[in-house]
Amino acid sequence: MANIWVDDKTYEVSPDQSLLQVCLELGFDLPYFCWHPALGSVGACRQCAVKQFKDENDTKGRIVMSCMTPASDGTRISVKDSDAEAFRAGVIEGLMLSHPHDCPVCDEGGECHLQDMTVMSGHNYRRTPYPKRTFRNQYLGPLLNHEMNRCIQCYRCVRYYREYAGGTDLAPFASRNITYFGRQEDGILESEFAGNLVEICPTGVFTDKTLKQHYTRKWDLQMAPSVCVHCGLGCSTSAGERYGTLRRILNRYNGEVNGYFLCDRGRFGYEFVNSEQRVRETHSRQDGKLKTVPKEKAVEQLGDILKGNSRVIGIGSPRASLESNFALRSLVGVDRFFNGMSEKSSHLVSLMTEILRQGPARSPSLREIEYSDAVLVLGEDVNNTAPRVALSLRQSVRQQPMEKTDKLKIPRWLDHAVREAVQHDTGPLFIATPNATRLDDVSTGTYRAAPDDIARLGFAVAHALDSEAPAVPDLSDDVRRMAERIARALKSAKRPLVVSGSSLASEAVIHAAANVARALAKDSKSAGLSFAMPEANTLGLALLGGGNLNEAFKTVQEGKADTVIILENDLYRRAPAEAVDNLMQAVRHMVVLDQLMTPTASKSEFVLPAGAFAESDGTFVNNEGRAQRFFQAYVPKDDIQESWRWLLDLMKASGHAEAASWNVLDDLVSATAGAVPPLEKITEAAPSSKFRMLNEKVPRSPHRYSGRTAMLANIKVSEPKPPQDPDSALAFSMEGTPTQPPSSLMPFFWSPGWNSIQSVNKFQSEINGALRGGDPGVRLIDPPQTGSGLYFSAPQRPFEVRPDEWLLVPLYHVFGSEELSSQAPAVAQLAPKPYVALSTADAERLQVQEGAQVEVKLAGNSQKLPVVVQAGLPKGIAGIPAGLVSVEGAGLPAWASVTRS
Amino acid sequence: MEKVLTKDVPADGSALDIKRYELAGGYQGVRKALKMAPKEVIDVVKQSGLRGRGGAGFPTGMKWSFVPTGADAPHPKYLCCNADEMEPGTFKDRLLMEATPHQLIEGMICAAHAIEADVAYIFLRGEYILSAERLRKALAEAYEHNYLGKNILGSGVNLEMHLHMSGGRYMCGEETGLLNALEGKRANPRTKPPFPQISGLFGKPTIVQNVETLCNVHHIINKGPEWFKGLSKSEDGGTKLYGASGKVKRPGLWELPMGTTVREILEEHAGGMKEGLRFRGLLPGGASTDFLVEEHLDLKMDFTDVQKAGSRMGTGTMIVMDDRTCPVGFVKNLEHFFAQESCGWCTPCWSGLSWAEKMLQSIEDGQGQEADLDRLSYICRMTAPGHTFCALAPGAAEPLQSALKYFREDFERHIHEKRCPWR
């Protein structure tokens, strides 16, 4: 530790940080722009100036930039010094020379770092009468709005976009006071992490275009801590509502998971909640048509159907909360509960879960992935299946080069000095996937192959690491050499990591990844094994248990059930249409609880409107094994309520004894934890509804929430009683104690003088560290790190190209492949059109060119698709966009014929 | 008086080709240097008291000694010649490159040997077309004669040398902006420390050195540090290329002993002011130095003395201002240049200089206000050394702050008369 003096008071701080960082940690209000906790120091804006003194006798001192000065032992500075204060006010004056001062009409107003820093610095009078420079704004796509006149040239956007996120199409142009931050020409920003610019930009240059459609100031939002539902990573988000609609998603800092950043699917996918496809009222089928019915009537009818009925089964869902799935399981009975996943995915998910639970490799958090120093990605296009992982992996390749810059004594926070020393040097990142990925640019080596061959590479790596791991027969020299190279890189690393998943639906790939991790762990390494899980609660459901969808179908076909309750699940996405149709034919009663009128819901007898994430409370378990609670931001209108609440209603209506004492979320959380041993710790994921701070609940709205008494005055002049929340320690109110709540209950970040998201630093135990009191969530999986399990055996045969058939593999798209976000208009706009991808060689073989129509026949179904030629694809493999081309529930990969039409 | 750098400059304006250069004793320095250990070369240069001629005057040998050497040193190491002569009023390197390109190459080979550089770049100002042609030819000749390339003259030393023409920004002449430009990036300055000697071009140890500095190196090796010191009239060793532009009788460039007085350069070599014009002041070493006035004329033009008078020798090429030139217009032109050439990285520079330029324009147009003078001084304080990221803005403030000091009445007349008295 180092002792430093700030304004004649001594503090003990970490010498490995800049003065700015330690000053912020110590609670000083020191303004800054170009610095960002995740981006480090570059010294551009000169806003964080302080006075530094040589020693106690130095009274004159000199101005230094706190972001560029190390907090070394004995440093003496003054933040309050009048020269330093005057300099900081002068910098703001300079920054504001051309700023349009359009706060009242700016989307950033009220959560603008520039506003905050201007007030903090004390600049308030404009001394220059000259015209301001103006710019032309660009169209940047459906997600972001561009208003360059507001720019203060802090360079954070391009540093984040290019240097941190690896984008190439946003750059600084021109120079001096007319530096322009944009694209070479108008067009959609290419990076799937572009949305973070909303939070990176300290003012209103880059703002959320979807928020603009239904704009609300931050202070007018009613917010709740939420968890992203658009993949299995469980990024923490903050969902904001006004007038009964979900207005926007903002990143919610979680040191262990998403840190400061989300992917664009997570940020902009929320609009499915406001979609016209939403089911808002209770429906039942009358005269063959779905018609709205009063909620109470439907519950009563269903109660009659379910009462004493032992022929009911429940089909759960990996996108529904643990509590909802558990409520369904309780309603129908453990043996009659099915997890809603296809036989194949259910098997793969259980397999991955078991591997993670058995160890010895540990599933790392996103933060730990970021600090891995050698990575093998096996069969997972993470940019599209678990996007936030890709952003962490992009940082991981800097770990080894930064060890070299440590030796040059360049502090890691001195960002550009580190980058200039590192140049294009990257640490090991090997990617084995059928298709080219967006991470290839920072990879050490790529391997384009069929799923089986990818698995064989993985097995070969494991064998190269540990001769006891099974060898792979008939391996080509090239692949063996590559495997040995990968093994060397992983073996010599301090924190090696294997990333895999089920997106190729290959058991062999998962086995291979497990073998590599096991071989690494044998070497007493802290080896990581991260599996991408397809949905928000996939791992949670695997821990909860239950048969698969095929078993559900079988139960009905065998006449053992005639009533089916389907929870937040569109079966047509998971099973062949024929099988689903047969199920519907065979049952007498069918109930669907869902958020959207899916194909499955639209054929049901009853449709009960389920609350979306922002309208519900519940628990998800992410791919790391971290249980995280999400809370409702608002009480939805109409009949919408949490699925588990619907199920409790049905249990009560059908006289279910167990449910008699279950009323609120806490009851279900405890019941779930009590009944399912692997889920025992979910009670710790967040404080219960009884939690109070100074006898008060945690307010969902900022203290400045406006219009409470006026919002509904056009309907009724008396102010309605705010809704009560029996399920959580959050209140639908702006009133409450202003102290920091536990991290899992924090609806938003706000601190006096810090209205923007930059206020996060006021809530962290240290900058970039955990939130005070610990990051949200609780890990359910902690395997023994010295497992003595067995290796999986290797697939015997390599992939063989067939003369007339192609192995059809799913290709994932961050925009379009995921069910719910596809209903958000902005995301839908970015989804690709259906296509079939062929390798260059195969396109030649078929004598087709890019765009030509071909006929793809799969499992008896045929469809015409335009060809996309992908040079990287291996021969004999064809790809179709997952979720965007209906394969009628046929599991991929599968052999299909492709012919010219 | 002995001339060193310009001794062999052909009178006909041509460039000395390799034959004529060798006949005049060229490349003897390289032969000698290659027989010396790198450290010996550095020691000789240290002893000579050679200081960087680009403007900052940093001791050359000391700079080289910071480069890591030995078996563990990172490679490739780089030597970069800063030939981006963009300082307004400066044209000294141009003469050296146009007339004696081999002299630069020879100096660079010696310097590269001293720091064990593997690759050398000449970063040349984009507008110096003739220099480029002549350097290109000279480089080809040097390769042909094995002064460059593999195993130079059988010494076992290798050196590749490339000519790179700048895209044309003042910032490219800043040591680290140059490195970024050479890497194909925006010519923004880099964080120091780490200095280029540790982490420079492509992250490797690098020395950046001005043309004139490098041209001295092989002469020092040939004739020794004592000889070099003896050339000078001051503590700083060697000769110096001094220049004068403005309304003097004979604008030009002269190689004179370091420490020749301002008066001697102005009156004897430049011939004094043109008929009917009075001297008002001069910028001693390019646009980014403080004005010197009548009282300073007997100063020695060297790094030490000029600094004592509150200015800098800079490049040693003075811009002379006469009494028929409006000081406000003069400074406005300079600030226009600096504001335009700001890279846009740090706030006091990109914002302050454009504000200063606008204020000066409005004063010159007769629309200035009393408060503007304080605001101009305020901008000079905001852009003081240490307040900005690099030296561009402090350099830009130098002519402005000194003009406000020496020519304040002229500024005030503009404001009170609401017009430019010179128009």
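I count two residues as in contact if their C-beta atoms, placed from the backbone, lie within 7 Å. The model I am looking at is predicted.

**Entry: the core**

I started with B:M108 and listed what it touches, leaving out residues up to four places away in sequence: B:L79, B:C81, B:A120, B:M161 and B:L214. Then I looked up the largest nonpolar core, which has 405 residues. B:M108 is among those with the most contacts inside this core, along with A:V461, A:V516 and A:V836. Which helix gives the most to the core? I found α18 of chain A (residues 507-522), with 11 residues. Apart from this core I noted another one, of seven residues, including A:W413, A:A417, A:V418 and A:V422.

**Entry: where the chains touch**

I turned to the contact between the chains, which takes 30 residues from chain A and 28 residues from chain B. On the chain A side, β4 (62-65), α2 (82-95) and α15 (415-422) each supply at least two residues. I sorted that side by class and got 15 nonpolar, 10 polar and five charged residues.

**Entry: a sheet in chain A**

Next I followed an open sheet of five strands in chain A, in the order β2-β1-β5-β3-β4, with mixed pairing. Which strands are at the edges? They are β2 (9-13) and β4 of chain A, and each pairs on one side only. From one strand to the next, the twist averages 40°. I checked β1 (residues 2-6) against β2 in chain A: they pair in the antiparallel sense over five bridges. A:I4 has A:Y11 in β2(A) as its bridge partner. Helix α2(A) packs on this sheet and touches β3 (49-53), β4 and β5 (76-78) of chain A. The direction of α2(A) makes about 155° with that of β3(A).

The loop between β1 and β2 of chain A holds A:D7. I flagged A:D7 for a positive phi of about 50°, although it is not a glycine.

I moved on to β25(A) and β26(A), residues 618-621 and 626-630. They pair in the antiparallel sense over four bridges and form a hairpin with four residues between them. In the turn, A:G625 has a positive phi of about 95°. For A:T619, I found the bridge partner A:R629 in β26(A). Side chains in a regular strand alternate between the two faces of the sheet. In β25(A), A:G618 and A:F620 are on one side and A:T619 and A:V621 on the other; all of them are buried, and both faces are covered.

**Entry: a helix pair in chain B**

In chain B I looked at α13 (residues 327-341) and α16 (residues 392-406), which pack at an angle of about 175° with their axes 10 Å apart. The angle makes α13(B) roughly antiparallel to α16(B). From α13(B) the contact takes B:P327, B:V331, B:L334, B:E335 and B:F338, and from α16(B) it takes B:L392, B:A396, B:P399, B:L400 and B:A403. By class, I have nine nonpolar, no polar and one charged residues for this contact.

I found a cis peptide bond joining B:K192 and B:P193, with omega about -10°. The bond from B:P193 to B:P194 is cis too, with omega near 5°. B:P193 is in the loop between α8 (175-182) and β4 (206-210) of chain B, and B:P194 lies in the loop between α8 and β4 as well.

Last, I noted B:N151, in the loop between α7 (129-144) and β3 (160-165) of chain B. B:N151 is not a glycine, yet has a positive phi of about 45°. With 10 other C-beta atoms within 10 Å, B:N151 is exposed.

Key
Residues numbered from 1 in each chain as written. Chains lettered and ligands numbered in written order. Predicted model: local features only at pLDDT ≥ 70, side-chain atom pairs only at ≥ 80, totals over all residues. Buried ≥ 20, exposed ≤ 12 C-beta atoms within 10 Å, placed from the backbone. Pairing = 2+ DSSP bridges. Axes fitted to C-alpha atoms, helices over the stretch in contact; angles between N-to-C directions. Parallel < 35°, antiparallel > 145°, perpendicular 65-115°, else oblique. Nonpolar A, V, L, I, M, F, W, Y, C, P; charged D, E, K, R; others polar. Core = buried A, V, L, I, M, F, W, Y, C linked by C-beta atoms within 7 Å.
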